[in-house]
Amino acid sequence: MDRNPEWVLPRTPLWRSPVFRRLAAAILVFACILTSFALFGDFAILETTPPPPPPAKTTPQVEPTSRPEVPNDRQSHAQKTWKKLRAKYDNFDDTKFTIALQTYRRPKELHDTLEALLRETIPSLLEIVVVWNDLEAKPPPDYTSQLGTPVRFRASARNSLNEKLLPDSTFRTQAILLSDDDVYYHPQDLEFAFQSWRKFGRNRLAGALARCSSMDENGKWKYTFCSNDGDDSSYSMIITNLAFSHISFLDYYSSDDSTMKEIREYVDQRFNCEDLAMNYVHSYLTGEGPLLIQGHKRYVNYLPSKGISTKKGHLQARSKCLNDFVEIFGTMPLINETAYVQRGVVVM
């Protein structure tokens, strides 16, 4: 039978049929979508859970020169010993202070200094003890000033700079103003200096005359006068011709500790640097620097024609002390400070 050609399906392969092609295309698109989702899904996981970063490289932290090193065993033992000594003086009066004033054959300077200190009332001054180092002359008798301040003369067993740093058995105050016969605060400023010590510096050597230490190009310590007292420059020492100290530091300095024995022998041999040694002691035991205290008026310093500081080569000798003390203490304990206290203003 003949068939109408319009009703006769063409005889073509199945894979060429339009239906098959559409179905295959749809399957291919769907497969691509699944594949893309899987791939982008993996990337997303990698981004949200990255592998841990490699350990960061650590750079050693360099401590500033103004901070002390970690105490060694010897230093830690010394600190414990000092803390016990300090507790021994807890019952001493901390509202008053004593002046330990050293003199040697300078009667005019001694007279003028005592007269200046005794002409006005210094409310917190309990007593002045004159450390008399002239072994060939008998000290004057003790007396009481017109304003009621006792003045006692203590004859030294020997002419030694260490005598001023010896804690007197009759001291009754925690605060001791270490002083020489040629320098003093004006009376009202002295009261201010004491109250500042009580508030800011009980464990510090606190006073009027700052000194500096710096390292030279050869790695040696050098002693210098600070450029300007009380400016922004740093200082590392307050010398003990006018400085407050807690009595416990005097006790430790005068103790049987082997380091202190060596220090005292060194001072006696060279007749110098006991004031530098006390700065080492304070910072060695506390990890704190000194404190510069200034009054309304500049302290008085007679600068006599004769004295240790007037000798030739004084600065070189002091620099040698700095380096020798580093060897004796086993460390450089001095700490640079920039803070100071001035009557009427506090700069910290």
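The legends below describe an overview and several close-up views of a predicted protein model.

In this predicted model, local features need pLDDT of at least 70 and side-chain atom pairs count only at pLDDT 80 or more, whereas totals for chains, interfaces and linings use all residues. Residues are numbered from 1 along each chain as its sequence is written, and side-chain values use heavy atoms, with hydrogens and water left out.

**Figure 1. Overview of the protein chain.** The secondary structure comprises 8 helices and 15 strands; helices (H or I, at least four residues) and strands (E, at least two) are DSSP runs, numbered from the N terminus. Of the 348 residues, 45% count as buried, where buried means under 20% relative accessible area, exposed over 50%, and partly exposed in between (1.4 Å probe, protein chains only). A contact means heavy atoms within 4.5 Å. Among the contacts with a separation of 6 or more, 80% belong to residues 24 or more positions apart.

**Figure 2. The surface of the protein.** The protein exposes about 20200 Å², and carbon and sulfur atoms supply 56% of this area. Accessible areas come from the Shrake-Rupley method with a 1.4 Å probe; for residues, only the protein chains shown count as cover.

**Figure 3. The disulfide of Cys212 and Cys226.** A disulfide is a pair of cysteine sulfur atoms within 2.5 Å. In this pair, the sulfur atoms of Cys212 and Cys226 are 2.1 Å apart. The link is right-handed, with 120° about the S-S bond. It joins distant parts of the chain, 14 residues apart: Cys212 belongs to strand E8 (residues 210–215), and Cys226 to the loop between strand E9 (221–225) and strand E10 (237–238). Cys212 counts as buried because its relative accessibility is 13%, and Cys226 counts as buried because its relative accessibility is 12%.

**Figure 4. The disulfide of Cys273 and Cys321.** Here the sulfur atoms of Cys273 and Cys321 are 2.0 Å apart. The link is right-handed, with 85° about the S-S bond. Cys273 lies in the loop between helix H6 (258–270) and helix H7 (274–286), and Cys321 lies in helix H8 (residues 314–329), so the pair ties together parts that are 48 residues apart in sequence. With a relative accessibility of 0%, Cys273 counts as buried; Cys321, at 2%, also counts as buried.

**Figure 5. The pairing of the bonded cysteines.** The count of disulfides in the model comes to 2. When the bonded cysteines are numbered in sequence order, the pairing is 1-2, 3-4.
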